[in-house]
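Colleague: Could you walk me through this model, one question at a time?

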Amino acid sequence: MFRRFHLNFHSACAAIWFAPGLAFAYLGGFEEQDGYHTPVTTAGYLVVDGYGLMPSLSIAGDAVFYNGSPLNGLISWVPPSATPNSTGDGTHGSDVTRYNAGGFGTNNGGPGGLGTDIADDSGLWQVVSGGRFNDDANAPNFNGTAIQGRDHIITWRYPNPHSGEQILDVFASDVDLIYDYTMDTRDLNGSAPGSTSEKRVTMSFFYCPTDSDDGFMENVLSLGIRDDFDQTLLEFGVTGDNKVQYRVGNASLWQTTSTSIGTQGWSQIIMTVDAFDNTVSFSAVPWSDTTGYGPQEDFITDVSLGLNAGNLEKLRWSTEGGILDAGSGAVAYKNTFDDFAFNVVQVPEPGSAMLLALGGAFLLRRRR
């Protein structure tokens, strides 16, 4: 058996940003240039009634839709989420598993290009359960005009984003939802996900909950970091009444903090996985609807995972759907995300590795 040693000179605030290289997927701020489309953007797209739509390639196996009425015939574009008229709601994009979401745009070394139809689930976003699967089960008579009746992860041209114009909307109005996103070098600023078992990766993002589920005190949403051994390393969670939660490694129980986050602003969540030392850290900068931003709260710092982490590979979104508590009136509604950023640090850091080598050589010389 081998055991890894290193001098721990780095901290959670240390940052080595790698230059962008070839890349194919990205989260970023979910803007058009990050690789996420809403029909409000028309340049380069099929323009129908003032909306920019992605033409359908009629890929075998993909669901087809009558856009709410068989009299309309099969639609000729990748279906957007909401359909109050013949061409869709310009503020709601298509489900991220139906097109090359995160795979175009020029931000952070992206390849450019436009949103295009792909075989469902063949991109970096994939449905595990619920979501688009539930919508597809109702095809071809799909109509997403009602609040209850939409199950998706989409980009939304949101009135109050953290920055830019668009956010990610995670919505499970009927049934529970699980989606996976596969990270890539574009997310990790040039560092390959397949090399992260020797690195410390910090992911931060902004999150805004809803009030519609406040009567439900249990977990309603989680976002977990997973490795290529299919292990969940660290999860962020939130209860229906907006208490911050976390879960480490194989733990089955959520740790519910006393920290509440408001629905009128954006709370920052910070998650760190050190796959070399097999430790994790979890922090938040909470938004209060009455007092604004509070100080950063560090809930755990360099806590042991209790397992050997592999390469960081995927993010998994899971959320409860439908009626959560009929007695309290709590129902599932939107969970919104914005502005993902990643820090990747080699472990041990080059300076630390050199000190280790010099120290070993010095001891060997003394021993001789």
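This is a predicted model: local features need pLDDT of at least 70, side-chain atom pairs count only at pLDDT 80 or more; totals for chains, interfaces and linings use all residues.

Modeller: Residues are numbered from 1 along each chain as its sequence is written, and side-chain values use heavy atoms, with hydrogens and water left out.

Colleague: Happy with that. How many helices and strands are in the chain?

Modeller: Helices (H or I, at least four residues) and strands (E, at least two) are taken as DSSP runs, numbered from the N terminus. On that basis, the chain has two helices and 20 strands.

Colleague: And what share of the 368 residues is buried?

Modeller: Buried means under 20% relative accessible area, with exposed over 50% and partly exposed in between (1.4 Å probe, protein chains only). By that cut-off, the buried share of the 368 residues is 54%.

Colleague: Now the backbone. Which peptide bond is cis, with omega near -10°?

Modeller: Most residues other than glycine have a negative phi, and most peptide bonds are trans. Look at the loop between β20 (335-346) and α2 (350-367), where proline 348 lies. The cis bond runs from valine 347 to proline 348.

Colleague: I also noticed asparagine 189. Is it buried or exposed?

Modeller: Asparagine 189 sits in the loop between β6 (177-182) and β7 (199-208). Its phi is positive, about 60°, although it is not a glycine. With a relative accessibility of 9%, asparagine 189 counts as buried.

Colleague: Let's turn to rings. How are phenylalanine 30 and tyrosine 36 arranged?

Modeller: Rings of Phe, Tyr and Trp (its six-membered ring) pair if their centres lie within 6.5 Å; planes under 30 degrees apart count as stacked, over 60 as edge-to-face and the rest as tilted. The whole structure holds 20 aromatic pairs. For phenylalanine 30 and tyrosine 36, the centres are 5.1 Å apart and the planes stand at 70°, so the pair is edge-to-face.

Colleague: How many residues apart in sequence are the parts tied together by phenylalanine 205 and phenylalanine 236?

Modeller: These two rings have their centres 5.7 Å apart and their planes at 65°, so this pair is edge-to-face. Phenylalanine 205 belongs to strand β7 and phenylalanine 236 to strand β9 (residues 232-239), so the pair ties together parts whose separation in sequence is 31 residues.

Colleague: Last one: with which side chain does the side chain of serine 222 make a polar contact?

Modeller: Serine 222 is in strand β8 (residues 219-227) and, at 4% relative accessibility, counts as buried. A polar contact is a pair of N or O atoms within 3.5 Å; within protein, one must be able to donate a hydrogen and the other to accept it, and residues adjacent in sequence count only if both atoms are side-chain atoms. At 3.5 Å, the partner of serine 222 is the side chain of glutamate 235.
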